[in-house]
Each structure stands twice: as C-alpha cells, then as structure tokens.
Amino acid sequence: MAAAAQPTEALKSFTPYEPAPGEEYMNDKQLEHFRQILLDWKKDLMEEVDRTVRHLQEDANNYADPADRATQEEGFNLELRTRDRERKLLKKINETIDKIDEDDYGFCEACGVEIGIRRLEARPTATQCVDCKTLAELKEKQLGG
C-alpha cells in the first residue's frame with residue numbers, strides 16, 4: 001500500500017465539529033466544515049509545491065564530484081516522488097470537494113452508511129466506513145495486492 005502524505009497544518013489545526021443534539025448528518029453546516037478543511041489542506045499542498053519548485057530552481061548545482069551530484073539528484077528525486085503523491089492527493093481533494101458540491105459526501109461508497117464526522121476529520125477524503133475499509137484492506141492483504 002502506498003504511503004500516505006503527512007498531514008499538513010490544515011489537518012492539524014481545525015476545530016473539531018460538535019453536532020447539536022438531533023442535528024441531521026451532513027447538513028449544510030457540516031458540509032461547509034469539511035469543505036473548509038479540504039480547501040485549507042489544498043492550499044497547504046499548493047504552497048508546498050511552490051516551495052519545491054523554488055528549491056529545485058535555486059539549489060540545482062552542477063557538482064564536479066559524481067558522488068555529490070548523485071546525492072543531490074537522489075534528494076531531488078525524493079522530493080519529486082513526494083510531490084507526485086501530493087499531486088494525486090490534490091486530485092482526490094478536488095474530487096471530494098466535487099462530492100460535497102453534489103451533496104454526495106460522508107456516506108460509504110460500499111455499503112451506504114454514514115462514514116462519521118470523526119473519521120472524516122481524520123481523513124477528509126475517506127470514501128468508505130471503517131468496517132468496509134478494514135474489509136477491503138484484509139482482502140488486499142490476502143490477495144497480495
């Protein structure tokens with residue numbers, strides 16, 4: 001399984017949503033809460049992309065020593081792989097925002113139950129409830145996927 005990107009400041013710094021007693025799940029207020037989390041996360045990732053571009057442009061040296069050049073290239077490759085994972089994450093964030101816009105957010109794609117506010121705050125792009133995700137991971141592990 002691919003490593004998940006590290007949580008950005010946006011995912012660490014939001015105020016947890018406290019639903020009122022009897023509040024309808026995924027009402028406009030909750031959807032706006034998650035939209036803001038996703039938009040802040042997206043902003044953080046885009047800023048990281050900008051920092052990487054600047055770093056690659058500013059720190060690109062043509063070292064005479066092959067070992068120094070290889071070390072620099074390996075560092076650049078690691079950064080680019082990280083950015084590629086984040087690019088995929090940005091795509092998933094955009095798809096999730098689209099789900100919010102379509103009023104199709106917060107329910108398990110596999111069984112249709114509520115994913116839950118706390119799970120979505122931990123992983124705003126989640127598309128499955130804990131039970132279905134656990135089952136999918138067990139199947140993947142058994143099949144060697």
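1. A quick definition before we start: a residue is called buried when its relative accessible area is under 20%, exposed when it is over 50%, and partly exposed in between. With that in hand, look at Arg83 and Glu86: both are buried. Keep in mind throughout that this is a predicted model.

2. Let's stay with that pair. Arginine 83 and glutamate 86 form a salt bridge, and their closest N and O atoms are 2.6 Å apart. How many residues separate arginine 83 and glutamate 86 in helix α3? They sit 3 residues apart in α3, which runs over residues 66-101, so about one helical turn lies between them. In general, an α-helix has 3.6 residues a turn, so residues three or four places apart point the same way.

3. Further along α3 there is another pair to look at. Lysine 91 and glutamate 95 are both in this helix, 4 residues apart, or about one turn. Their side chains meet in a salt bridge, at 3.2 Å from N to O. Glutamate 95 has 40%, which makes it partly exposed.

4. Glutamate 47 makes a salt bridge with lysine 43, with the closest N and O atoms 3.3 Å apart. Both residues belong to α2 (residues 28-58) and are 4 residues apart, about one turn of the helix. Is glutamate 47 buried or partly exposed? Its relative accessible area is 33%, so it is partly exposed. If you want the overall tally, a search of the whole structure turns up 13 salt bridges.

5. Now for the nonpolar side of things. The largest nonpolar core has 22 residues, and the members that touch the most others are Met26, Phe34, Ile93, Tyr105 and Leu120. Helices α2, α3 and α4 (117-122) are the elements that give two or more residues to this core. The largest share, 6 residues, comes from α2.

6. Methionine 26 sits in the loop between α1 and α2, and its phi is positive, about 55°, although it is not a glycine. For background, most residues other than glycine have a negative phi. Why does methionine 26 count as buried? Its relative accessible area is 7%, and the cut-off for buried is under 20%.

7. Aspartate 103 makes a handy contrast. Its phi is near 60°, again a positive value in a residue other than glycine. Aspartate 103 lies in the loop between α3 and α4. With a relative accessible area of 58%, aspartate 103 is exposed, whereas methionine 26 is buried.

8. The loop between α3 and α4 also holds cysteine 108. At 5% relative accessibility, cysteine 108 counts as buried. Its C-alpha is 9.2 Å from that of lysine 133, a residue 25 places away along the chain.

9. The largest cavity has a volume of about 50 Å³. Its lining is made up of Thr96, Lys99, Asp104, Tyr105, Gly106, Phe107, Glu109, Ile115, Thr125, Ala126 and Thr127. By type, these lining residues split into 4 nonpolar, 4 polar and 3 charged. Tyr105 is a name to remember, as it is found in this lining and is also listed among the core residues with the most contacts to other members.

10. Serine 13 is in helix α1 (residues 9-13), and at 51% relative accessibility it counts as exposed. Serine 13 and aspartate 40 are 27 residues apart in sequence, with 10.0 Å between their C-alpha atoms. Helix α5 (residues 130-142) has 13 residues and reaches 18 Å from its first C-alpha to its last, close to the 18 Å expected at 1.5 Å a residue. After α5 comes glycine 144, which has a positive phi near 75°.

Methods. Residues are numbered from 1 along each chain as its sequence is written. This is a predicted model: local features need pLDDT of at least 70, side-chain atom pairs count only at pLDDT 80 or more; totals for chains, interfaces and linings use all residues. Side-chain values use heavy atoms; hydrogens and water are left out. On a 1 Å grid over the protein atoms alone, a cavity is a set of points where a 1.4 Å probe fits but cannot get out, and a pocket is an open set with protein on both sides within 12 Å along at least five of seven lines; lining residues have an atom within 4 Å of a point. Grid points are joined across faces, edges and corners, and a volume is the space filled by probe spheres set on the points. Ala, Val, Leu, Ile, Met, Phe, Trp, Tyr, Cys and Pro count as nonpolar, Asp, Glu, Lys and Arg as charged, and the others, Gly among them, as polar. A salt bridge is a side-chain nitrogen of Lys or Arg within 4 Å of a carboxyl oxygen of Asp or Glu. Buried means under 20% relative accessible area, exposed over 50%, partly exposed in between (1.4 Å probe, protein chains only). The expected span of a helix is 1.5 Å times one less than its number of residues. A nonpolar core is a set of buried Ala, Val, Leu, Ile, Met, Phe, Trp, Tyr and Cys residues joined through side-chain atoms within 4.5 Å.
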